[in-house]
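I wanted to work through this fold one piece at a time and jot down what I found. Here are my notes, beginning with the structure itself.

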Amino acid sequence: MSSVKFRAIGLFLLFSASACLAATRHYYIAAEDVAWNYAPSGRNLLNGNPIPQPWALKLEWPKTRYIEYTDDSFTGSKPQPEWLGILGPIIRAEVGDEIIVEFLNRSRSGHDMHPHGLRYDKNNEGSLYLPVAKGAFVAPGARYTYHWFATLESGPAPGQPSSIVWWYHSHVDPAIEINAGLIGPIIVTAKGKANPASSMPSTASSSATFPA
Ligand SMILES: [Cu+2]
């Protein structure tokens, strides 16, 4: 075999190997109308005092939240740390990864999912404006699958810590939706810097980079 052929095979293997290191992260997230209690303990946890009036008169309010599920049957919800509060689940990825979010709108109103910091095309922008793209308005009871990409620019810049935080939120009427609770964090980690013990979901093909 000629050295040119050897070099071509070598380049092919190199590109195949680097492609394999990128993972696909699947998330199953529903928007749900909930009753949210701002102080379930009945106390101000900063100082231990009872909640002052007039706020103590009504601690529970109607909100809409992003809730994570284990698969596309949307039956078993995933627990999330209490400190996340009303925020939606953390979406994690490493630079180079694709993020696929299956979104189910269980709310009474139309919503979507719009990410900051990730790359997407118009049908995956999750943002309602003219001309209206797919995924920009997910009607009550409907689903949409978003494909987002964590590029080099999505990750931390040189000199920054190994991970960077972005946000995703609903973008039909964003001010109202974000205040209602439809917002959550995206954490993008530099290539090769993710902790294998993190809660990042991954496909079987990427188990070499993120052992379960
Ligand atoms: Cu935004």
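Predicted model: local features only at pLDDT ≥ 70, side-chain atom pairs only at ≥ 80, totals over all residues.

I started with the pair β5 and β7, which are antiparallel and joined by two bridges. I looked up H114 and found that its bridge partner in β7 is H169.

One more pair I checked was Y168, whose bridge partner in β8 is G184. How many bridges join β7 to β8? I get seven, between residues 163-169 and residues 183-189, with the two strands antiparallel.

Then I put the sheet together. Four strands make an open sheet, and I read their order as β3-β8-β7-β5, with mixed pairing. Which strands stand at the edges? They are β3 (91-94) and β5 (114-115); each has a single partner strand, so one side of each has no neighbour in the sheet.

**Overall layout**

I counted two helices and eight strands in the protein. Reading from the N terminus, I get the run α-β-β-β-β-β-β-β-α-β. There are 212 residues, and 29% of them are buried.

Setting aside neighbours within four places in sequence, I find I99 in contact with R25, Y27, I91, A93, L118, W148 and A150.

**A22**

I moved on to A22, which is in the loop between α1 (3-21) and β1. Is A22 buried or partly exposed? I have it as partly exposed, because 18 other C-beta atoms lie within 10 Å, and buried would take 20 or more. Leaving out residues up to four places away in sequence, A22 touches G96 and D97. I also checked A22 against K191: they are 169 residues apart in sequence, yet 9.0 Å apart in space, C-alpha to C-alpha.

I went through the backbone angles last. Most peptide bonds are trans, and most residues other than glycine have a negative phi. I noted some exceptions.

- Q53 and P54 are joined by a cis peptide bond, with omega about 5°. I find P54 in the loop between β1 and β2 (60-69).
- L130 and P131 are also joined by a cis peptide bond, with omega about -10°. I place P131 in the loop between β5 and β6.
- F74 is not a glycine, but I read a positive phi of about 50° for it. F74 is in the loop between β2 and β3. I checked its surroundings too: F74 counts as partly exposed because it has 18 C-beta neighbours inside 10 Å.

How values were computed
Residues numbered from 1 in each chain as written. Pairing = 2+ DSSP bridges. Contact = placed C-beta atoms within 7 Å. Buried ≥ 20, exposed ≤ 12 C-beta atoms within 10 Å, placed from the backbone.
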